[in-house]
Amino acid sequence: MGGTERVHDDYTIAWICPLEVEQIAATAMLDEQHPRLSQPANDHNAYELGSIYGHNVVIAGLPLAGNTSAATVVAQMRNTFHQLRFGLLVGIGGGVPTRTDNGYIRLGHVVVSKPTGQHSGAVQYDHGKAEAGAFRRTGFLAPPPTVLLNAAQRLSVTCALAPADPVVSHLRRIDTSKRQLRRYKHPGANKDHLYQPDYVHLDRELSCQKCGCDTSKIVVRKADDSDGESDVDEDAGDPGEYVVVHRGTIAAGEKVMRNGIERDQLAKENGLLCFEMEAAGALNDFPCLVIRGISDYSDSHKNDKWQGYAAAVAAAYARELFVHMPVEEVKQCKIAESDVKQIVEDTRFVADSTRTAEIKSWLAPVDVSTNYNEARTQHHLGTGRWFLESEEYAQWKTHDKAVLWLHGIPGCGKTIMSSSVIEDLRTVGDSSDRLVLYFFFDANDSAKQSVDNMIRSLVFQLYQNAESTRKHVEQLYSSCKSGREQPSTKALLDTWEMMVENMGDPYVVLD
C-alpha cells in the first residue's frame with residue numbers, strides 16, 4: 001500500500017475489465033495499490049486504485065457483461081474521477097482463426113484494437129439484427145488517442161527487437177502455483193482445438209471431450225515461423241517464451257458470437273480479428289484501446305478452459321503498454337466532452353469517406369460531369385430561354401413523378417439544352433433544395449451508352465448526396481459479398497426505387 005495521500009483528480013487512466021477473472025489479473029499488474037477514495041451515492045462501481053510505472057490507474061469491473069453495463073460503468077467512473085484521459089478495455093474475447101502479419105490467431109494470443117480503413121479500431125454492430133449474415137454497423141466509436149497508438153507501436157517494435165519478450169515477465173506476477181490462481185496457467189498447446197466452422201458443438205453444458213465432439217473435425221494447423229511456411233507440428237515451441245500480439249479491428253456486438261460460419265463471413269468481409277461485447281458501450285463517448293486475450297474461437301465450441309490465461313496475457317500486455325506512455329503526455333490528452341465529440345465526428349467523416357470510396361470503386365460510375373461542363377462552355381447567353389420559360393417546363397418542375405420529353409434530330413442542341421435545364425434547376429427559385437441528378441448518353445464514349453451505367457451513375461449520385469438513402473446501397477453491397485460480385489441491372493433499379501421512395505423525388509435529367 002502506498003503512503004502518499006491521493007485525491008480523485010490524481011487518476012488519469014481507466015482500466016475497465018468486465019469479469020472477475022479479468023479484475024484479478026488486472027490488480028496483479030499494479031506496482032502499488034492505493035487506499036479507496038469516497039464515491040458519490042450514485043456511483044455503484046467497485047474500484048481498485050493503484051499505480052503502474054508512475055501512472056495512477058482506476059480499475060473498474062462490470063456487474064454484468066454487455067454494452068449497457070459498460071456504458072454505465074464508464075459514465076459513473078468519469079463522474080467520480082474527472083481527470084481520466086482515456087481507458088484501457090482489457091479482458092478476454094473470441095478470436096477469428098485468420099492470419100495476420102504475426103501469424104495465425106490462436107488461443108492465448110492477444111488482439112489489440114488499431115484504426116484501419118473505415119474503422120476506428122473497434123466497430124459497433126448489432127449482432128441481433130444481422131440479416132443473412134450481413135454486417136450492420138450501428139455506430140461510430142471514438143478511436144484511441146495518439147498517445148495510446150504510439151505506445152502500442154513502440155511496444156511492437158520493442159517486442160520484435162528485445163532478446164526476451166517483456167510481456168512474459170509481467171505474466172509471472174501471477175503466481176500460478178497458488179491454488180486460487182491455477183486457472184491463469186497456460187493450458188498447453190495441445191488443448192488449443194479449432195473445429196471446422198460448420199461443425200456444431202453437441203452439448204453446450206459439457207466440454208468437447210466430455211460430450212464427444214468428433215476429433216476428425218479439428219482443423220490441422222502448422223506452427224508459424226517467420227516466413228509462414230513452417231512444417232513444424234503445431235505443438236512445437238514453448239508458450240512461455242513469448243506472447244503473440246495481433247493488431248486490427250475488433251467487433252463489439254450485443255450478443256456472444258457462437259457461430260463459426262457467421263464469424264468467418266463477417267470477419268472476411270470486414271477485416272475483423274476478434275469479437276467481444278463491451279467495447280461499444282465504453283467507446284461511444286470515451287476514447288479507449290481494446291485489449292483482448294483470445295479464450296475461444298467465437299464458435300459453438302466455446303469453453304472456459306482458456307479464460308484465465310487469456311485474461312492474464314491481456315493484462316500483461318496492458319501493463320507493458322504503460323512503459324511506453326510518458327506520464328506528462330498522458331496528462332495533456334484532451335478530455336472535454338466537446339473534444340471527444342469532435343473525435344467521434346472526425347472518425348465518422350473518415351469512415352464515411354472511406355466507405356464512399358469503396359462504394360464508388362464497386363459501382364464504377366462514369367463521370368458525366370465532363371459532358372455537362374463541355375456543354376456549358378458551348379452555351380450562349382439566352383440559348384434555350386424559350387423552353388425554360390415555357391408552361392410545360394414550369395408544370396414539370398412543380399409536379400412529383402412528372403415526365404417531360406424533349407426530342408429532336410441529332411445535332412439540334414439537346415445536350416446544351418439539357419445542361420441549361422440542370423443549371424436552372426440548381427440555381428433558380430425554390431427548386432434548388434431538391435437534388436438534381438443527371439446522365440449524358442455519349443455516342444463517342446462506350447461507357448456512356450448503356451442503361452446499366454446510367455443507373456449506376458444515378459444511384460451513386462444519390463448515395464453521395466442523400467445520407468438517408470445510403471442504407472439501401474449498403475444492403476446491395478453486402479448482398480454482393482461486400483463488392484466481390486456485381487449487381488444485376490434489375491437489382492440496381494430496385495435499389496434506385498427504394499432510395500427515391502426513402503427521400504422523395506429528385507430531379508433527373510437524361511440526355
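**Entry 1: a salt bridge between Arg 183 and Glu 20**

I began with the side chains of Arg 183 and Glu 20, which meet in a salt bridge with an N to O distance of 3.9 Å. Arg 183 sits in the loop between helix H4 (166–171) and helix H5 (208–211), whereas Glu 20 belongs to helix H1 (residues 20–28), so the pair ties together parts that are 163 residues apart in sequence. I note that the model is a predicted one.

Glu 20, at 55% relative accessibility, counts as exposed.

**Entry 2: further salt bridges**

How many salt bridges does the count come to? I recorded 13.

I next turned to Arg 319 and Asp 31, whose side chains meet in a salt bridge at 2.8 Å, N to O. This pair links distant parts of the chain, with Arg 319 in helix H8 (residues 307–323) and Asp 31 in the loop between H1 and strand S2 (32–34), 288 residues apart.

Finally, I noted a network of salt bridges that links Arg 263, Asp 264 and Asp 299.

Which residues of H13 are buried? I listed Tyr 393, Trp 396 and Lys 397. Seen down the axis of H13, its buried residues fall within an arc of 100°, so they line one face of the helix. I recalled the general rule that an α-helix has 3.6 residues a turn, so residues three or four places apart point the same way.

The face of H13 turned away from its buried side carries Glu 391 and Thr 398, which are exposed. I then asked what covers the buried residues of H13. The cover includes helix H12 (385–388), H14 and strand S15 (507–510).

**Entry 3: Ser 420 in helix H14**

I followed H14 to Ser 420, which lies in this helix. With 5% relative accessibility, Ser 420 counts as buried. Leaving aside residues up to four places away in sequence, I found that Ser 420 touches Arg 376, His 379, Thr 383 and Leu 388.

Eight of its eight residues are buried, so S11 is largely enclosed by the rest of the structure.

Which strands pair with S11? Strand S8 (residues 110–113) pairs with S11 in the parallel sense over four bridges. Within this pairing, Val 111 stands opposite His 246 in S11. Strand S12 (residues 272–276) also pairs with S11 in the parallel sense, over four bridges. There, I found Glu 276 in S12 to be the bridge partner of Ala 252.

How values were computed: Residues are numbered from 1 along each chain as its sequence is written. This is a predicted model: local features need pLDDT of at least 70, side-chain atom pairs count only at pLDDT 80 or more; totals for chains, interfaces and linings use all residues. Side-chain values use heavy atoms; hydrogens and water are left out. Buried means under 20% relative accessible area, exposed over 50%, partly exposed in between (1.4 Å probe, protein chains only). Helices (H or I, at least four residues) and strands (E, at least two) are DSSP runs, numbered from the N terminus. Two strands pair if DSSP finds at least two bridges between them. A salt bridge is a side-chain nitrogen of Lys or Arg within 4 Å of a carboxyl oxygen of Asp or Glu. Contact means heavy atoms within 4.5 Å. The arc is that of the directions from the helix axis to the C-beta atoms.
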